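Please look over the sequence and the structure first.

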Amino acid sequence: MARLDEIPLSWLRDQGMDFIVISCPEDEARWEAERLAAFTRAAAHAGLDRYLAPTGYGKVLDPDPAIPSLYLHTHPQTLQVDSRGRRCAKACPNDPRFLEWFAGSMRTLAWMVEARGFVWDAPSFYHSRGVWACRCSYCQRLFSAAAGQPLPRSLTPEVLDFRRRSLSLFLLAAAAAIQSVDRRLQSVVAPPPPLDPSTSTTGADDWRQLAANAGMESLALVVTPEGRGYRLPESDLLQPHSQAAAAEGKPLWLWLATEQLHPELVHEGRILARQLGAEAVVWSDYEGFRRRKG
Ligand SMILES: [Zn+2]
């Protein structure tokens, strides 16, 4: 990861970048808030728009399993409960105690750091090798109140739908939290990569539902280069996702998730963005981009 004060912001602007997405890990935002705010001010000064991507924070937003969250250790009673009855390393988005803390943390971040909006990166419920969450008391109560029957022990279509609705409400709450600070703050949801088969069990796999979420202004489509040729997927595979966003009139970002950005990939990314009608491309590998440009 690049150190914030080493990133040449004007240079990025000169390369045609319009905005940057600043990852805001829970621990860093807690201990290094002033540095984060200063960096964001410098980016504004250089003419770059800023989006904040909170990570950690109970790990309902979970783009990377390696990102720590102190919250998980201090609030074990609000963690998701899996189908074996064990707590997982993710807070439950239906637990009101977690929601209150999360909303408060996002309000603090929005006060502290001046940005155009927030990116809600990879919202998800826990699922691993057939074990799923959440069966905490709040989820059980919510499910049975809506369905008129107890929460099943297996991942039935009704349970999958319940998890999707739960994440939709979580995103609405997240958007409402930052807009209580500034009504203009935008929300962009970056669901887990839709072409990854495991995404179907996260609860954030229904793009029509995500696009219809009234709190979200834009959607970010995360793609990862794969295979021996390290190529991007064909646009046909991604059309249903871009169409879901377009049907709701929501702009799409193409988010190229790679640590190894090279010229062919940049070229392919630009073509794919055009084919999908994406409004913006996000290059996740800042270091690679810089190496390439020198
Ligand atoms: Zn729960």
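The points below take the sheet first and the helix after that.

The model is predicted: local features need pLDDT of at least 70, side-chain atom pairs count only at pLDDT 80 or more, and totals for chains, interfaces and linings use all residues. Residues are numbered from 1 along each chain as its sequence is written. Helices (H or I, at least four residues) and strands (E, at least two) are DSSP runs, numbered from the N terminus.

**Sheet**
- Seven strands form an open sheet with parallel pairing, in the order β1-β2-β5-β8-β9-β10-β11; strands pair if DSSP finds at least two bridges between them.
- β1 (19-25) and β11 are the edge strands with a single partner each, so one side of each has no neighbour in the sheet.
- β1 runs parallel to β2 (residues 49-55), joined to it by 7 bridges, and Cys24 stands opposite Pro54 in β2.

**Helix α10**
- The 14 residues of α10 (residues 263-276) should span 20 Å at 1.5 Å a residue, which agrees with the 20 Å between its end C-alpha atoms; the expected span is 1.5 Å times one less than the number of residues.
- Just after α10, Gly277 has a positive phi of about 70°.
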